[in-house]
Amino acid sequence: MRKFNINICLATLAIAAGFSSCSDYLEKQPSNELTQEKVMADWNLFEEFHYDTYNFLRHGAMRLGNSWLDAATDLAETSFATGGARTSFNIGNYYSGGGWSELSDTWESRYRGIRKCNMVLENINTVPKNPINTDEEHQVYVNIFTAEARFFRAYFYWEMFLRFGPVPIITEVLDPDKDIITGYTDRPTVKEYVVDFILKELEEAEPYLLDYETAWNSSRAGRLSQPAARALASRIKLYMASPRYSAQSGISWQEAADAAKSFINDYGMNFGLFAEENISGMENYGNAVLRSSYTGNNNETIFFRNDPVIGWAGISIDTPVGEGGSGGNCPSQNLVDMYDMADGSSPFAQYDATGAPVYGASLTPAINRASGYSEAFMWNNRDPRLAATVLYQGTPWGTMRDNSTIDVRPGMADNPTGNANATPTGYYMRKYIPATILSSNHGGTAYRLWTIIRYAEILMNYAEALNEVQGPCQEVFEMLDAVRHRAGITGNVADRADLQSKDAMRNFIHKERTVEFAFEEHRSWDVRRWNVAVEALGRPIYGIEVAMDGTISRKIAQERVFEQRMYLYPIPEGEYWKTGIENNPGW
């Protein structure tokens, strides 16, 4: 496939104004409500039909029955009893109605998105061109839309793979009035599905996608781009090199390291870790997932869903009860225990392959006394990402409670007697909650895009893969320090005597990915690819209680169920019975 220079074409043809922002199409009436004949006979309608595919990028906030996917991991527990994660995945009931949006809706919506991509690819060369465009201008659009459709299709198949493993690959347009996969029940191998199809689609689409200068123009906010394709390929190769998939995929750690390094070399000059001057590391880390390059000068976002502004209704479910919210996604002590000290030292003596400290028979891991950590003051002098992610006792927050601070003591504002939505873990969520909405009696608004890939992940991908190839080395240290220092940690990883072996560094990197990407839908898939999901997701959810005198005590907040078969979701029952497709092992 020949390389297509989009910059030259845009400059020459002066059609840049025609490339719209994906946010222009979010929440619009989908063009697929028109008849196929009308859409395929008019370029403007066809263009809108294609742009509607951006609506298939999902936002992670409250997506699983008003709960977050990370509430189905060891990072959090949903406070209210009807939360989707709590009534399904937490108790091992994957067929529960509460898990419908993660199980059946994923299957149905991803295949619908794939069908839309197939329609674009099947018809794009026969749709009459826009009369105002020359043949050369029209070909620019055809090349870009074709590449975007292939990217979207690859991404939707990837989302299916994470949950169900390899599913039937369909590249033709099926009859919408029949079952969506009737006649397609053969399940490919991991290599056929991921390496030979998904990665090939991304590689061949990349040269034809909008380049950085074009895609990051403010009028095209959120459009797919060449950097996004390379970044997604980096993630996929990292997964394929991981213990769960490497033997089946044939992808090595060196290939995963090379994929991340190629992004840094080819696109890294345009991206970085969001860090405004005169702003704390905690604030910069928090803003890295709230702002975009168009609404906050954020050069960290690479691939994201560009949503419109939200108000109080968009965050009320995940807001502390003392602020008038429903509690929502409540971080666990498991997560809190993974944060280092602010000087970069570890508060606990030993960490396992899940990234968590080793608990043993006690609810309190063995403490590293040299770190200065104290159970009585467990939040003092910690990694600033903790305060940017978790609301804990005494944290200034909101406008509706006494003294505007979090108070989870018995009977107090955030733990009132008889309130079933009060936090079960002793914590509330801060990350992804724009504080500006809480001002003016909850009358404020703010942008909250959903970041799918940001530059910090590329650095973490490279560190993880390179450690597996070479063990701890200067480049591994540099990648990790860049991410940690941006957040405000002062110490250097290279100075840690406990991180000089490949095994110790592996566990450390697992911990770092967990805290850096908490509530960004990484944890569920990371522990699976590391082959430690039973250990991570089957252990109890720990929490804390704060007595009236401020004394902190640990507790088990919720028992969890995770069996070996849960590495993959079951095929939705309706699809299994209608098509006879082979179900996943154990289901």
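**Notes on helix packing and the core**

1. Helix H11 (residues 253–267) and helix H17 (residues 455–470) pack at an angle of about 145°, with their axes 8 Å apart. Here axes are lines fitted to C-alpha atoms over the stretch in contact, and angles run from 0 to 180 degrees between N-to-C directions. Helices are DSSP runs (H or I, at least four residues) numbered from the N terminus.

2. A word on the source: this is a predicted model, where local features need pLDDT of at least 70, side-chain atom pairs count only at pLDDT 80 or more, and totals for chains, interfaces and linings use all residues. Residues are numbered from 1 along each chain as its sequence is written, and side-chain values use heavy atoms, leaving out hydrogens and water.

3. Now the core, a set of buried Ala, Val, Leu, Ile, Met, Phe, Trp, Tyr and Cys residues joined through side-chain atoms within 4.5 Å. The largest nonpolar core has 170 residues, of which Phe151, Trp158, Met240 and Trp379 touch the most other members. Helix H6 (residues 135–164) gives the most to this core, with 18 residues.

4. H6 is mostly covered, as 26 of its 30 residues are buried (under 20% relative accessible area, 1.4 Å probe, protein chains only). Gly165, with a positive phi near 80°, follows H6.

5. His50 sits in helix H3 (residues 43–51), and counts as buried because its relative accessibility is 1%. Leaving aside residues up to four places away in sequence, His50 touches Val120, Phe145, Glu148 and Ala149 (heavy atoms within 4.5 Å).

Notes
Buried means under 20% relative accessible area, exposed over 50%, partly exposed in between (1.4 Å probe, protein chains only). Helices (H or I, at least four residues) and strands (E, at least two) are DSSP runs, numbered from the N terminus.
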